[in-house]
Amino acid sequence: MEKINNVTEFIFWGLSQNLEVEEVCFVVFSFFYMIILLGNTLIMLTVCMGNLFKVPMYFFLNYLSFVDICYSSVTAPKMIVDLLAKSKTISYVGCMLQLFGVHFFGCTEIFILTVMAYDRYVAICKPLHYTTIMDRGRCNKMLLGTWIGGFFHSIIQVALVVQLPFCGPNEIDHYFCDVHPVLKLACTDTYVVGVVVTANSGTIALGSFVILIISYTIILVSLRKHSAEGRRKALSTCGSHIAVVIIFFGPCTFMYMRPDTTFSEDKMVAVFYTIITPMLNPLIYTLRNAEVKNAMRRLWSKRVFSKANG
């Protein structure tokens, strides 16, 4: 059957239809987005200027911050502008690109978090072999794998949606283009596509989450053999990782580990993993991680001191 596509643009319903609520949301989310940019940029600058790339944990943390900026930037600027706009529209091509970006950076973040858990596992459970296992070549390969994995996941999601016919209506009850809300607008049966989409996203989300839980369980059990100081240092680092995993995977599991259905709560849950989590990540890694705090303190105090003497 020939594909019929009469839709050239989509209209978002946005977070709310109440003007006063939208004005408040504009201020709040503009502030949140600035924190995302500033916080994650600060971590990247600390890693780069502090020459911390040699340490695998900071190597991956740097790219996690970069992905957080990209991930939130796919949806946040458009959402913030739309909060004050009378017409919240996006072109068909723009919608598909946004869908690709959300899943590409979201999936890449999942894989980076998984790799970071493996890094902590090796550091704590196999400390004598750490430098051999987590050498620069292997870190680069694992990082490349996270990007390739995210690309293939998002390409599959977009390919499943692009081949569907859209003949109207074109109103999306959301603030960005995601798979489930867009599938509801297709003028054909999307049951099979919905199952494949859920299997694709669900396998990655659940599989990675299970691997992370197992990794951190093994780490926590192995800490009993360490000294009190070793346990404190390891828990400081792993605690921040576990917190990030919970606040990111909780909403993702709710959204993608279910059949092709949408709920009224979906928009607020999506806000949590597209904006709140990227905002909290730098705060968690700086406040909960003593090593990152010390690295920042050393770097910026050194720069302030050199400027004062200069």
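**The disulfides and the other cysteines**

Mentor: Happy to! With bonded cysteines counted along the chain, the disulfides of the protein chain follow the pattern 1-3, 2-4. The model is a predicted one, where local features need pLDDT of at least 70 and side-chain atom pairs count only at pLDDT 80 or more, while totals for chains, interfaces and linings use all residues. Residues are numbered from 1 along each chain as its sequence is written, and side-chain values use heavy atoms, with hydrogens and water left out.

The structure holds 2 disulfides, a disulfide being a pair of cysteine sulfur atoms within 2.5 Å. Let's start with cysteine 95 and cysteine 177, whose sulfur atoms are 2.0 Å apart. Helices (H or I, at least four residues) and strands (E, at least two) are DSSP runs, numbered from the N terminus. The torsion about the S-S bond of cysteine 95 and cysteine 177 is about -120 degrees, so the disulfide is left-handed. Both cysteine 95 and cysteine 177 are buried; buried means under 20% relative accessible area, exposed over 50%, and partly exposed in between (1.4 Å probe, protein chains only).

Now for the other pair. Cysteine 167 and cysteine 187 form a disulfide with their sulfur atoms 1.8 Å apart. This pair links distant parts of the chain, with cysteine 167 in the loop between α5 and β3 and cysteine 187 in the loop between α6 and α7 (191–222), 20 residues apart. Here the torsion about the S-S bond is about 90 degrees, so the disulfide of cysteine 167 and cysteine 187 is right-handed. Cysteine 167 counts as partly exposed at 34% relative accessibility, and cysteine 187 is partly exposed at 34% too.

Cysteine 70 is in no disulfide, and the nearest cysteine sulfur, that of cysteine 48, is 14 Å away. With 16% relative accessibility, cysteine 70 counts as buried. As for cysteine 252, its sulfur is 9.9 Å from the closest cysteine sulfur, in cysteine 107, which is too far for a bond. Cysteine 252 is buried as well, at 4% relative accessibility.
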